[in-house]
Amino acid sequence: MRKSVLQISVLIGCSALFVIRAGAQTPTPAESTPPTILQIEREEVRPGKGAAHAVNEKAWAAAYLKAQSPVQWLGMTSMSGPAEAWFLTALDSFAALEKNDLSTDANPALSAERDRVAAIDGDLLSRTSTIIARYRPALSYQPTVKLPTMRYVTVNLVRVKAGRAAEFADGWRMIVDAHKKANVDEHWAVYEVESGMPDTTFLFLYARKSLAEVDAAGPMHAAAGYRDAVGNSGRRQMNEMNHNCVEMTQTMHFRLRPEMSALPKEWAATDAYWAPPVAAPVAAAPAKKK
């Protein structure tokens with residue numbers, strides 16, 4: 001993505017629902033289906049540096065938009081846990097990742113601006129990392145959403161015990177089938193990490209229009225329709241799967257940040273919330289007294 005050349009020349013979930021396919025024909029907002037590969041750049045912000053970091057990220061996005069770079073991303077910041085910013089980029093392949101990096105290197109003006117804002121980021125962040133994950137459609141449920149209408153993302157990170165990935169997948173396929181049978185009004189996409197985190201780590205990504213959807217999730221799954229669809233045998237399988245397969249889980253809520261994103265113009269045309277960022281002007285040096 002935008003920083004990978006600098007931070008890793010190599011560098012976590014809601015879903016690749018949230019990103020645009022870089023290196024491919026740009027889809028319309030109504031066609032926001034999960035891409036094959038999801039790249040997530042994760043930044044941990046130093047205490048007290050959140051406002052300054054937001055300003056610098058606005059400069060990142062404005063630079064890439066001004067250069068009409070093919071590199072695009074969706075930015076979001078954490079609402080719980082440590083102060084973090086995540087930047088999601090959708091890719092069709094690893095070759096597309098390489099193409100993105102090379103496109104920035106080939107633009108001297110953009111490369112220079114990237115270097116400038118990256119140096120500032122170094123004083124604002126305590127840690128950075130990059131995760132690359134692959135879409136798992138069989139574990140996902142109604143993953144296609146109209147992204148410009150979304151405002152939040154819930155990420156469920158699940159680390160599966162070694163040797164238990166197949167059993168874990170079987171359990172989640174049963175859960176997906178129960179949701180289909182009960183016609184539950186929910187949407188998620190699942191990605192399995194391939195690089196940047198321990199193996200057999202899964203990211204469950206939920207796009208949300210409002211945090212009120214979090215309040216509705218409990219009663220929705222406790223309703224008779226879903227409970228009947230799961231059945232007693234399904235509940236036993238779910239309990240066994242969680243006990244035997246899951247090493248740890250973590251839930252994080254994020255707010256989507258237009259000013260930290262570099263997205264197609266169609267997003268702003270669909271919803272003014274996504275108006276592209278404009279970098280803050282650099283203050284002029286005070287005139288010397290004569």
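Biologist: Let's start with T200. Where is that residue?

Modeller: T200 sits in the loop between β7 and β8. Keep in mind that this is a predicted model.

Biologist: Okay. Is T200 buried or exposed?

Modeller: T200 is buried, because its relative accessible area is 18% and the buried class means under 20%.

Biologist: How do the two strands pair, and over how many bridges?

Modeller: β7, residues 189–195, pairs with β8 in the antiparallel sense, over four bridges. As one example of who faces whom, E192 stands opposite F202 in β8.

Biologist: What about the other partner, β6? How many bridges there?

Modeller: Eight bridges join β6, residues 152–160, to β8, and those two run antiparallel. T154 has Y206 of β8 as its bridge partner.

Biologist: How many residues of β8 are buried?

Modeller: Eight of its eight residues, 201–208, are buried. T201, L203, L205 and A207 point one way, while F202, F204, Y206 and R208 point the other way. In a regular strand the side chains alternate between the two faces of the sheet.

Biologist: Which strands does β2 bridge to?

Modeller: Eight bridges join β2 to β4, residues 84–91, and nine join β2 to β5, residues 125–135. The β2–β4 pair runs antiparallel, and β2 with β5 is antiparallel too.

Biologist: Which residue of β4 is opposite R42?

Modeller: W86 is, in β4. On the β5 side, the bridge partner of E41 is T130.

Biologist: Moving on to helices. What's the span of α2?

Modeller: α2 takes in residues 50–66, which is 17 residues, and reaches 24 Å from its first C-alpha to its last. That is close to the 24 Å expected at 1.5 Å a residue.

Biologist: Which of its residues are buried?

Modeller: H53, N56, E57, A59, W60, A61, A62, A63 and Y64 are buried in α2.

Biologist: Where does Q142 sit, and what is its phi?

Modeller: Q142 is in the loop between β5 and β6. Its phi is positive, about 45°, although Q142 is not a glycine. With a relative accessible area of 32%, Q142 is partly exposed.

Biologist: Now K180. Which helix is K180 in?

Modeller: K180 is in α5, which runs over residues 165–182. At 54% relative accessibility, K180 counts as exposed. K180 and Y141 are 39 residues apart in sequence and 8.0 Å apart in space, C-alpha to C-alpha.

Biologist: Last topic, α6 and α7. At what angle do they pack?

Modeller: α6, residues 212–222, and α7, residues 224–245, pack at about 55°, with their axes 5 Å apart. The two helices are therefore oblique to each other.

Biologist: Which residues make the contact?

Modeller: From α6 it's M220, H221 and A222, and from α7 it's A224, Y226 and R227. The residues of that contact divide into four nonpolar, one polar and one charged.

How values were computed
Residues numbered from 1 in each chain as written. Predicted model: local features only at pLDDT ≥ 70, side-chain atom pairs only at ≥ 80, totals over all residues. Heavy atoms only, no water. Axes fitted to C-alpha atoms, helices over the stretch in contact; angles between N-to-C directions. Parallel < 35°, antiparallel > 145°, perpendicular 65-115°, else oblique. Contact = heavy atoms within 4.5 Å. Nonpolar A, V, L, I, M, F, W, Y, C, P; charged D, E, K, R; others polar. Expected span 1.5 Å × (residues − 1). Buried < 20%, exposed > 50% of the residue type's maximum accessible area, 1.4 Å probe, protein only. Pairing = 2+ DSSP bridges.
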